[in-house]
Amino acid sequence: MESKFFKVSALTAAMLGAVAMPAMANTENAVGDGYVEAVDSFIHDAAFTGAAVVDTRYRGRGNGAAADDDIKSRLNYSAYNVLLNFNSGYADDWLGVDLGGFFSGDLYNDSALFDGETLCNEISMCQTGDQTNGDFDFKVTTAALKFKLGENANAQAGFIQGGVGTIGNNWSFAPGTYRGFKASTTFGNGMTLAYMGADEYTPPWLQSFDDASDNAGWYKQDFSYIHSVGLTGSAGALSYNLGVGQALDVDYGNGEQDNMSYKVNARYAINDAISIAYDMYGVNDDEMYNGFAAHHGLVLDYAINDNWAFTSQVQYTQLDADSALGEFAPRTMARYGSNNGTWSLWWDALSDWNMPGEVAWYNRITHNTGTGWTFNLGAGYGGGAEESKAGFSYKSEWAVNGDVMYKVQSGALKDTLFKLHATTLTRDAYAGKEERNEQDVRFMVIAPFSFF
């Protein structure tokens with residue numbers, strides 16, 4: 001952990017030096033007015049933003065077999081983040097820096113105990129993949145140089161975030177971090193072609209992925225390089241987001257393999273109020289999935305009027321029931337925390353709806369009053385799954401969830417969001433498998449701020 005933190009800190013210090021030194025320039029500087037203009041662009045086009053977050057949550061789970069599945073406390077905590085981001089302008093219209101990080105800690109944590117320590121909540125920093133002591137901590141999430149390469153191309157290199165092709169990002173409130181680079185170019189028709197490559201990734205709740213390397217086998221994983229190409233654009237009423245990626249030398253502890261990943265997303269606007277979409281995220285992983293596995297999704301979005309909206313989403317999981325993992329994870333590598341993919345159907349309904357052959361249907365109605373208050377009510381059902389090798393495997397599952405949100409409309413706390421979320425999830429497990437019925441209540445306060 002020390003070596004990774006040293007590398008991040010050294011790069012950050014060098015970049016902060018690069019920011020601070022030119023700021024001392026003035027109009028009488030011996031290097032001339034051109035230098036001053038470049039510095040002005042670097043500083044005057046900069047943004048220093050952040051957010052203060054408090055997340056309070058109770059999540060209970062029944063971990064027993066179907067005959068003994070009483071729900072017991074699993075997550076019970078209140079944690080905070082203070083996120084800070086500096087994004088410069090471009091010196092001489094081509095070079096800039098992006099810096100970001102966050103402070104975190106637990107106000108209290110009475111989550112499930114393992115060996116006398118509390119369960120990681122993914123909001124404060126973890127000692128390992130499982131456990132945390134909730135201490136005050138700081139992590140650098142972004143430390144990168146950025147380049148403007150003419151009118152239509154740009155690049156970024158250093159400690160960065162995903163979002164290209166099949167490479168996504170783990171998020172708590174802070175983002176995970178890749179060590180790598182990405183570049184993109186936009187063509188005259190609005191189509192954007194991008195490439196990203198990285199040799200290291202750390203989820204936001206770990207200082208280094210090595211923190212989890214000695215943990216249980218379900219977490220352990222290595223890779224040498226991950227990269228992806230993405231193509232986005234639109235043609236009339238049709239918009240699209242396509243990607244293909246590869247993870248090299250993926251090692252779950254039984255030898256190395258190369259994984260391929262694929263993304264297809266297409267949305268068609270029938271009119272100003274109604275759109276339909278198809279989304280697919282798939283991974284070819286011989287060890288975990290016996291080959292190709294994927295999520296497929298169909299989406300209907302309907303903006304009923306200025307205050308009411310409705311979405312209906314159907315998801316199918318394509319997965320060999322005899323695969324080693326027993327469930328599909330929409331990311332380029334299967335293990336938890338390894339990274340994330342760019343699958344877009346997320347219902348905040350506790351289940352991943354990812355058993356082999358499972359078909360799941362979710363519907364949500366949203367009411368925005370226009371006065372800062374917004375209400376969501378959703379329900380999902382999944383069924384038709386084959387029994388998997390996992391210790392948990394469900395014939396069917398259903399969930400109901402809802403949100404009450406208020407965003408401050410004016411004053412010193414303008415745009416501060418208060419959000420109360422609740423979900424109940426019930427499952428019908430195969431004989432001898434864990435049902436994992438769950439209940440979740442979560443209250444979040446998110447206060448954005450900006451220095452300039």
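In which loop is Asp 210 found? Asp 210 sits in the loop between strand S10 (192-202) and strand S11 (225-235). Strands here are DSSP runs (E, at least two residues), as helices are (H or I, at least four), and both are numbered from the N terminus. The structure is a predicted model, in which local features need pLDDT of at least 70 and side-chain atom pairs count only at pLDDT 80 or more, while totals for chains, interfaces and linings use all residues. Residues are numbered from 1 along each chain as its sequence is written, and side-chain values use heavy atoms, with hydrogens and water left out.

Asp 210 is exposed, at a relative accessible area of 53%. Exposed means over 50% relative accessible area, buried under 20%, and partly exposed in between (1.4 Å probe, protein chains only). Accessible areas come from the Shrake-Rupley method with a 1.4 Å probe, and for residues only the protein chains shown count as cover. Asp 210 also belongs to a negative surface patch, together with Asp 222, Asp 249, Glu 256 and Asp 258. Patches consist of residues with over 30% relative accessible area and no salt bridge; like charges are joined within 9 Å, and nonpolar side chains (Val, Leu, Ile, Met, Phe, Trp, Tyr) within 5 Å. Asp and Glu count as negative, Lys and Arg as positive; His and the chain ends are not counted. The place of a charge is NZ of Lys, CZ of Arg, CG of Asp or CD of Glu.

A nonpolar surface patch covers about 660 Å². Its residues are Leu 242, Val 264, Tyr 278, Leu 298, Val 314, Tyr 316, Val 359 and Trp 361. Strand S16 (308-318) and strand S17 (359-368) are the elements that give two or more residues to this patch. Trp 361 is found in strand S17. Trp 361 is partly exposed, with 48% relative accessibility.

The loop runs between strand S8 (153-160) and strand S9 (177-186). Gly 176 and Tyr 201 are 25 residues apart in sequence, and their C-alpha atoms are 7.3 Å apart in space.

The search for salt bridges over the whole structure finds 14. A salt bridge is a side-chain nitrogen of Lys or Arg within 4 Å of a carboxyl oxygen of Asp or Glu. One of them joins Lys 146 to Asp 98, with the closest N and O atoms 3.0 Å apart. This pair links distant parts of the chain: Lys 146 is in strand S7 (residues 137-148), Asp 98 is in strand S3 (residues 95-109), and they are 48 residues apart. Lys 146 is buried at 10% relative accessibility. Asp 98 is likewise buried, at 10%.

Another salt bridge pairs Glu 438 with Arg 427 (3.7 Å, N to O). Glu 438 lies in strand S21 (residues 438-450) and Arg 427 in strand S20 (residues 417-429), so the bridge ties together parts 11 residues apart in sequence. Glu 438 is buried at 2% relative accessibility, and Arg 427 is buried at 8%.

Lys 414 is partly exposed at 43% relative accessibility, and Asp 415 is partly exposed at 36%.

The structure holds 1 disulfide, defined as a pair of cysteine sulfur atoms within 2.5 Å. Cys 120 and Cys 126 form this link, with their sulfur atoms 1.6 Å apart. Both cysteines, Cys 120 and Cys 126, are buried.
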